[in-house]
Amino acid sequence: MALPAALGGCVQHGGASTQAAANAGGPGGPFTLVNQDGRPVDQQVLNGKWSVVFFGYTYCPDFCPTTLTTLGKAMDELGPKANDTQVVFITVDPARDTPAALKTYLSSRVFPKHIMGLTGTQAQIAQVAKAYVVYYQKEGSGPGYTMDHSTALYLMDPQGHYRGVIADGLTPDQYAKAISTAMSGA
């Protein structure tokens, strides 16, 4: 799917490199991070359900909360298939996005139910971002800095394998249809 231009403070990058990674087996791979409850997790958290993996940060002024809200509506539209689907939010700002900060942020009633937030050390985030071919960079200084980052969403199958990129900026119905189509094997 083509990826539309990103909104405001979150810029999309890496179309060619993302395609190259997809041709080589796709993004993804081993990682060790910490969930919003402070528990260590690894790539096995992707096993057993279809996963929409999304990289962002809690201080994002527009794209991240908009996408998470839209994904929350898409999960509702999936109906019973939502039980076999999870959204995994991996921060690109581990300095501010502690497990407690993720837990508070992701508790919004408009975000997907049972969303999983992941954080870690700078090195751990760099490793998982590289595995998923995610661009991110700190912009500015002081407490009001932002993070420039990729905006693609990665669809992983219940075995944790890459199945494709879901474009950003879709409607809830379009996200639900993309996920449902992949789940049906079409």
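Tutor: Helices and strands here are DSSP runs, helices of at least four residues (H or I) and strands of at least two (E), numbered from the N terminus. The model is a predicted one.

First, the setting. The protein has five helices and nine strands, which follow one another along the sequence as α-β-β-β-α-β-α-β-α-β-β-β-β-α. Of its 186 residues, 47% are buried. Among contacts with a separation of 6 or more, 71% join residues 24 or more positions apart.

Now the helix. α2 covers residues 63–78, 16 residues in number. At 1.5 Å a residue these should span 22 Å, and because the C-alpha atoms at its ends are 22 Å apart, the model agrees with that expectation. Just after α2 comes Gly79, with a positive phi of about 65°.

Next, the buried side. The residues of α2 that are buried, that is, under 20% relative accessible area, are Phe63, Cys64, Thr67, Leu68, Thr70, Leu71, Gly72, Ala74, Met75 and Leu78. An α-helix has 3.6 residues a turn, so residues three or four places apart point the same way. The packing partners of the buried residues of α2 are strands β3 (50–56), β4 (85–91), β7 (146–149) and β8 (153–156), together with helices α3 (99–106) and α5 (172–183).

Leu170 and Thr70 are 100 residues apart along the chain, yet their C-alpha atoms are separated by 8.1 Å.

The largest nonpolar core has 56 residues, and Val53, Phe55, Leu68, Ile90, Tyr132 and Tyr154 have the most contacts inside it. α2 supplies the largest share of this core, seven residues. Leu68 is among the buried residues of α2. Phe55, another of the core residues with the most contacts, touches Ile90, Val92, Val128, Ala129, Tyr132, Val134, His149, Ser150 and Tyr154, again not counting residues up to four places away.

The largest pocket holds about 340 Å³ of space. Its lining has 17 residues, with Met75, Ala82, Pro112, Lys113 and His114 nearest the centre. Six of the lining residues are nonpolar, six polar and five charged. α2 gives the most to this lining, five residues, and both α2 and β4 supply at least two. Met75 is also one of the buried residues of α2.

His114, also in that lining, is in the loop between α3 and β5 (116–119). His114 has a positive phi of about 65° although it is not a glycine. Its relative accessible area is 77%, and because the cut-off for exposed is over 50%, His114 counts as exposed.

Definitions and conventions: Residues are numbered from 1 along each chain as its sequence is written. This is a predicted model: local features need pLDDT of at least 70, side-chain atom pairs count only at pLDDT 80 or more; totals for chains, interfaces and linings use all residues. Side-chain values use heavy atoms; hydrogens and water are left out. The expected span of a helix is 1.5 Å times one less than its number of residues. Buried means under 20% relative accessible area, exposed over 50%, partly exposed in between (1.4 Å probe, protein chains only). Contact means heavy atoms within 4.5 Å. On a 1 Å grid over the protein atoms alone, a cavity is a set of points where a 1.4 Å probe fits but cannot get out, and a pocket is an open set with protein on both sides within 12 Å along at least five of seven lines; lining residues have an atom within 4 Å of a point. Grid points are joined across faces, edges and corners, and a volume is the space filled by probe spheres set on the points. Ala, Val, Leu, Ile, Met, Phe, Trp, Tyr, Cys and Pro count as nonpolar, Asp, Glu, Lys and Arg as charged, and the others, Gly among them, as polar. A nonpolar core is a set of buried Ala, Val, Leu, Ile, Met, Phe, Trp, Tyr and Cys residues joined through side-chain atoms within 4.5 Å.
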